[in-house]
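Dear colleague,

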Amino acid sequence: MTAGALRRVADPTDTEAVREAFIATYGTASETADAATLVAQYERVVEYCAEHPNQGSGAVATALGLPRSRIRAWVDSDGRPDAVRGVETLTERGWLHLAWDGPTLRALAGLIVWVVVGGSLPRQGWMPAFSVADGTEPDIERLGDVLGLEWRQRHDDDGRSGVEWVPARDGSVLGRLLAVLGAPTGAGEGPSLPPWLLLEAPRAVRLDAARVAVRQRGTPLDIPTMPLQLAMHRDGPREAIVQLLRSVAPPDGEVRVDDGGNIRLDSRAAELLAAAPLLDGYLPR
């Protein structure tokens with residue numbers, strides 16, 4: 001049941017690339033077919049059965065040259081590969097066909113940043129979990145509304161850091177999608193933020209993502225010129241978050257790193273990034 005190497009997509013709006021990378025996160029019980037092969041074979045079987053509705057699994061297997069043991073459940077019942085079910089969920093939820101100017105990609109970008117600054121995404125189970133700073137519950141609820149998600153709360157694995165928010169349904173599908181879009185899946189693994197978010201995404205996408213970082217990790221300072229600070233303990237994520245914040249800060253705003261490695265925002269940058277609601281202007285589904 002081992003999946004292939006995790007693929008990161010360079011462009012989240014490239015639907016076929018997202019679909020292929022998402023399918024590759026699934027393992028199979030077959031020694032001769034990976035997830036992409038099973039999906040392609042399933043699609044052949046569905047097409048053939050639509051043209052030959054009265055044939056059983058034995059006849060279909062013979063006609064297509066496929067093992068009957070593999071396709072029996074596909075033909076004779078409602079069976080299908082796990083990856084097919086995952087793609088169907090992506091499509092039904094509107095998470096597959098992403099657009100730069102749509103709310104879905106903005107919400108997903110926000111969750112990717114949330115994984116970096118206050119979350120986790122293990123490859124075992126692919127269930128994303130998010131720690132929510134006091135007073136910012138409306139932020140994760142807003143992202144969930146845009147994605148059509150409901151949340152449930154659980155205590156984190158070590159029992160020390162309080163409550164985490166996880167999707168109530170389809171969490172592993174969301175986690176696989178976040179991973180192929182660039183969310184890190186373990187300490188020291190992969191980029192802390194995907195290049196498309198830092199370099200190519202429209203300002204509206206970057207602005208929401210930056211607000212997630214500031215509102216989850218920001219703490220006030222008693223310094224009028226530098227009223228907000230973000231503590232980031234690892235160099236890679238810190239550098240990426242600084243780049244993200246600077247890309248959307250006002251022209252006369254300042255985002256800098258102090259001698260202790262903390263990210264500090266001046267009053268103009270803090271006002272822009274800490275105040276307005278996420279995905280302002282979009283209504284829940």
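**Helices α3 and α4**

In this predicted model, helix α3 (residues 57–64) and helix α4 (residues 68–76) have axes that come within 9 Å and cross at roughly 125°. The two helices, α3 and α4, are therefore oblique to each other. The crossing in which α3 passes α4 is right-handed.

Which residues in α3 and α4 meet? On the α3 side they are S57, G58, V60 and A61, and on the α4 side R68, I71, R72, V75 and D76. Sorted by class, the contact of α3 with α4 has four nonpolar, two polar and three charged residues.

**The buried side of α3**

The buried residues of α3 are S57, V60, A61 and L64. They cover an arc of only 100° around the axis, and therefore lie on the same side of α3. The general rule is that an α-helix has 3.6 residues a turn, so residues three or four places apart point the same way. As for partners, the buried residues of α3 pack against α2 (35–51) and α4. Just after α3, the residue G65 takes a positive phi of about 70°.

D170 is placed in the loop between β4 (163–167) and α8 (171–181). Is D170 buried or partly exposed? With a relative accessible area of 23%, D170 is partly exposed, because the cut-off for buried is under 20%.

D170 is also one of the contacts of T89, a residue placed in helix α5 (residues 82–93). Leaving aside neighbours of T89 within four places in sequence, the residues in contact with T89 are D170 and V173. T89 has a relative accessible area of 15% and is therefore buried.

**W126**

Where does W126 lie? W126 is found in the loop between β1 (119–120) and β2 (129–131). Although W126 is not a glycine, its phi is positive, at about 55°. The relative accessible area of W126 is 8%, so this residue is buried.

With kind regards

Technical notes. Residues numbered from 1 in each chain as written. Predicted model: local features only at pLDDT ≥ 70, side-chain atom pairs only at ≥ 80, totals over all residues. Heavy atoms only, no water. Axes fitted to C-alpha atoms, helices over the stretch in contact; angles between N-to-C directions. Helix = DSSP H or I, 4+ residues; strand = E, 2+ residues; numbered from the N terminus. Parallel < 35°, antiparallel > 145°, perpendicular 65-115°, else oblique. Left-handed = near helix turned anticlockwise from the far one by under 90°. Contact = heavy atoms within 4.5 Å. Nonpolar A, V, L, I, M, F, W, Y, C, P; charged D, E, K, R; others polar. Buried < 20%, exposed > 50% of the residue type's maximum accessible area, 1.4 Å probe, protein only. Arc of directions from axis to C-beta.
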